[in-house]
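Okay, thanks for making time, everyone. Let me put the structure up, and then we'll walk through it piece by piece.

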Amino acid sequence: ASETTTSPVRDLATVLADIWGNADPAAAAGWVRQLPPGQAQLEAAGTLATVWAASDINAAVAWSATIDDPSLKSAVVAHLGTTWGAIEPDRALAWLDSLPSESAARGTQGALNSWAATDPVGLADWIEQLSPGARNDQARRSLGDVIADEQPVAALELAAGIGDPIQQGDALARY
């Protein structure tokens with residue numbers, strides 16, 4: 001089976017996490033923790049993280065701190081960062097910056113991508129205030145990816161400001 005094929009078990013776990021997460025996210029978190037490690041657990045945890053972040057980000061963040069398994073924690077943090085980044089990007093990034101980089105990397109990318117999609121002007125203003133470096137480069141790529149189709153010149157200008165020459169060349173070629 002290909003990686004894009006879903007299984008009935010994964011689909012069921014995701015649906016249950018969605019429904020239960022809306023009704024009682026703390027109980028759903030306990031259930032997710034009891035699932036066997038693997039793709040079904042990761043997808044259920046990601047779904048729960050997204051649902052819970054939208055209704056009570058503080059409780060969802062507290063839950064993420066209790067997860068010991070690195071793969072599961074990374075999946076949850078990625079979904080929390082992505083969801084929170086669309087709502088309160090500054091707070092989401094501050095939280096992600098407080099985590100070890102291996103836990104936060106996907107969440108940071110998700111937060112920046114969500115910010116670019118929901119408030120491109122705000123992200124552009126933030127980029128202008130940000131010192132050159134890896135975070136600035138990452139934010140420029142996120143915003144450039146979102147605006148490239150409708151504002152190709154602005155996307156190219158963002159790409160030209162990327163400090164890392166390899167990432168800059170990649171972004172310039174894409175836009």
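So let me start with a quick one: is Asp170 buried, partly exposed or exposed? Asp170 is partly exposed, because its relative accessible area comes out at 39%. And before I go further, please keep in mind that this is a predicted model.

Why start with Asp170? Its side chain meets that of Arg174 in a salt bridge, 2.5 Å from N to O. Both residues sit in helix H11, and since they are 4 residues apart there, about one helical turn separates them.

Now, Arg174 has another partner. It forms a salt bridge with Asp145, with the closest N and O atoms 2.6 Å apart. That pair links distant parts of the chain, as Arg174 belongs to helix H11 and Asp145 to helix H9, 29 residues apart.

The structure has 4 salt bridges. Another one I'd point to is Arg91 with Glu88, where the closest N and O atoms are 2.9 Å apart. Arg91 is partly exposed at 42% relative accessible area, and Glu88 is partly exposed at 30%.

H9 is mostly covered, with 10 of its 14 residues buried. Among the buried ones are Asn136, Asp137, Arg140, Arg141, Leu143 and Ile147. What's doing the covering? The list includes helices H7 (101-118), H8 (120-129), H10 (152-160) and H11 (165-174).

Okay, over to the core. The largest nonpolar core has 45 residues, and the ones with the most contacts inside it are Leu48, Trp63, Leu80, Trp95, Leu96 and Leu123. Helix H3, residues 39-55, gives the most to this core, with 7 residues. Leaving aside neighbours within four places in sequence, Leu80 is in contact with Ala49, Ala53, Ile57, Ala60, Val61, Ser64, Gly85 and Trp95.

Trp95 brings us to the rings. There are 3 aromatic pairs in the structure. One of them is Trp84 with Trp95, a tilted pair at 5.8 Å centre to centre, with 45 degrees between the planes. Trp84 lies in helix H5 and Trp95 in helix H6 (residues 89-97), so this pair ties together parts that are 11 residues apart in sequence. Trp84 is buried at 5% relative accessible area, and Trp95 counts as buried at 12%. Another pair is Trp115 with Trp126, which is also tilted: 5.0 Å between centres and 50 degrees between planes. Here Trp115 is in helix H7 and Trp126 in helix H8, again 11 residues apart, and the pair links distant parts of the chain. Trp115 counts as buried, at 4% relative accessibility.

What does the side chain of Ser74 join up with through a polar contact? The partner is the side chain of Arg106, at 3.4 Å. Ser74 is in helix H5, residues 70-87, and it counts as buried because its relative accessibility is 12%, where the cut-off for buried is under 20%. Not counting residues up to four places away in sequence, Ser74 touches Glu102, Ser103 and Arg106.

And then there's Gly110, which lies in helix H7. Gly110 counts as buried at 9% relative accessibility. Gly110 and Gly81 are 29 residues apart in sequence, but 5.9 Å apart in space, C-alpha to C-alpha. Setting aside neighbours within four places in sequence, Gly110 is in contact with Gly81 and Thr82.

Definitions and conventions
Residues numbered from 1 in each chain as written. Predicted model: local features only at pLDDT ≥ 70, side-chain atom pairs only at ≥ 80, totals over all residues. Heavy atoms only, no water. Core = buried A, V, L, I, M, F, W, Y, C linked by side-chain atoms within 4.5 Å. Buried < 20%, exposed > 50% of the residue type's maximum accessible area, 1.4 Å probe, protein only. Helix = DSSP H or I, 4+ residues; strand = E, 2+ residues; numbered from the N terminus. Contact = heavy atoms within 4.5 Å. Polar contact = N/O pair within 3.5 Å; in protein donor to acceptor, adjacent residues only side chain to side chain. Phe/Tyr/Trp six-rings, centres within 6.5 Å; stacked < 30°, edge-to-face > 60°.
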